[in-house]
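Keep the sequence and the 3D view side by side as you read.

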Amino acid sequence: MADGLRKVCFMLREKMEEEPEEAEPQEGVLYVTDLGEVYTALQQRGCFVLPYLHEKNRNESFPGAFYAVERLEEMDYTSFDLAYRRLAGLPWNILETKRLMVRETTVGDVDSFYRIYQDPSVTAYMENLFADRDEEIAYIRDYIRKVYAFYGYGMWTVMEKGSGEIIGRAGISWREGYDLPELGFVIGVPWQRQGYAYEVCRAILVYAWKELGIGQIQALVMEGNERSAKLCKKLGFSRIGTVWEDGAAHILFRSGYLEESGC
């Protein structure tokens, strides 16, 4: 599978450079069209195609389209690349720090997650993975399709840039019954006590404000998990109180307003 977008082909009603029957599915190629019949023809050929909606084509039909663009003039290479990656099932690269890279999770990450979660200290204060690997893979596929596609963010995969190894997970998610999104993180035991958790969480808070427009974030830490509680305080979170989740007491932390904290 392609590493990302290489070319955008515009097949618009005012300027058709080729017939849709002649278009071949190619890795790294994204087609953009404002014609329903062209969209359908490209889809049937296995091409990755993005509908373009405007005032003159409101009666056109684009069956099965999950994404569309309305302001073509505002699209840049990054926007097209993100659209292509979503259609092609490729992960979005979220952010980088000095030592880490954060990207969307893929099914191929599952084995690394099982290696990380097999240490009892990792699951002492958080939910474990499914015992059945196939169930975990199904969950990840569903998560990619529903959470990433809907919110544009979620729990991501954390990789060490030097080795390319997956060392943990971190990101932003929503917990039912709460008004703020939640910061979550786990770093595998071999990479703990090296500042990785602070490095990635701090970068995520900056990303949340600057890229997602999120003003405030909470964190839930099970009582007894002193290291995570200490990290939340280091990140500038304040203890709000104690809540019960899944039969266990958790400390509720809340960040200050991210804009005011310098993110």
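Glutamate 60 is partly exposed, because its relative accessible area is 28%. The areas come from the Shrake-Rupley method with a 1.4 Å probe, and for residues only the protein chains shown count as cover.

This is a predicted model, in which local features need pLDDT of at least 70 and side-chain atom pairs count only at pLDDT 80 or more, while totals for chains, interfaces and linings use all residues. Residues are numbered from 1 along each chain as its sequence is written, and side-chain values use heavy atoms, with hydrogens and water left out.

**Salt bridges**

Side chains of opposite charge can pair when their charged atoms come close. A salt bridge is defined as a side-chain nitrogen of Lys or Arg within 4 Å of a carboxyl oxygen of Asp or Glu. By this rule the model has 13 salt bridges.

Which residue forms a salt bridge with glutamate 60? The partner is arginine 13, and the closest N and O atoms are 3.3 Å apart. Glutamate 60 sits in the loop between β4 and α2, and arginine 13 in the loop between β1 (7–12) and β2 (15–16), so the pair ties together parts that are 47 residues apart in sequence. The helix and strand names follow DSSP runs, numbered from the N terminus: helices are H or I with at least four residues, strands are E with at least two. Arginine 13 is partly exposed, at a relative accessible area of 38%.

Now take glutamate 245 and arginine 175. Their side chains meet in a salt bridge at 3.8 Å, N to O. This pair links distant parts of the chain, 70 residues apart: glutamate 245 is in strand β11, and arginine 175 is in the loop between β8 (166–173) and β9. Glutamate 245 counts as buried at 17% relative accessibility. Arginine 175 counts as partly exposed at 26%. Salt bridges with shared partners also build one network, which joins Arg13, Asp34 and Glu60.

Arginine 85 is in helix α2 (residues 77–88). It forms a salt bridge with aspartate 81, with the closest N and O atoms 3.1 Å apart. Is arginine 85 buried or exposed? It is buried, because its relative accessible area is 11%. Aspartate 81 is buried too, at 13%.

The side chain of arginine 85 has another contact. It reaches the backbone oxygen of proline 91 at 2.8 Å.

| Glutamate 60 | Arginine 13 | 3.3 Å |

**Surface patches**

Patches are made of residues with over 30% relative accessible area and no salt bridge; like charges are joined within 9 Å, and nonpolar side chains (Val, Leu, Ile, Met, Phe, Trp, Tyr) within 5 Å. Lys and Arg count as positive and Asp and Glu as negative, while His and the chain ends are not counted. Each charge is placed at NZ of Lys, CZ of Arg, CG of Asp or CD of Glu.

Which residues form a positive surface patch? They are Arg193, Arg227, Lys230 and Lys234. A nonpolar surface patch of about 370 Å² is made by Phe150, Tyr151 and Trp174. Tyrosine 151 belongs to helix α5 (residues 133–151). It is partly exposed, with a relative accessible area of 40%.

**Backbone and loops**

Most residues other than glycine have a negative phi. Arginine 193 has a positive phi of about 65°, although it is not a glycine. Arginine 193 lies in the loop between β9 (182–187) and α6 (196–210). It is exposed, at a relative accessible area of 74%.

Aspartate 246 also has a positive phi, of about 55°, and is not a glycine. Its place is the loop between β11 (238–245) and β12 (248–254). Aspartate 246 is exposed, at 79% relative accessible area.

Finally, find glycine 64 in the loop between β4 (48–51) and α2. Glycine 64 is exposed, with a relative accessible area of 61%. Its C-alpha atom is separated by 19 Å from that of leucine 90, which is 26 residues away along the chain.

Key
Buried means under 20% relative accessible area, exposed over 50%, partly exposed in between (1.4 Å probe, protein chains only). A polar contact is a pair of N or O atoms within 3.5 Å; within protein, one must be able to donate a hydrogen and the other to accept it, and residues adjacent in sequence count only if both atoms are side-chain atoms.
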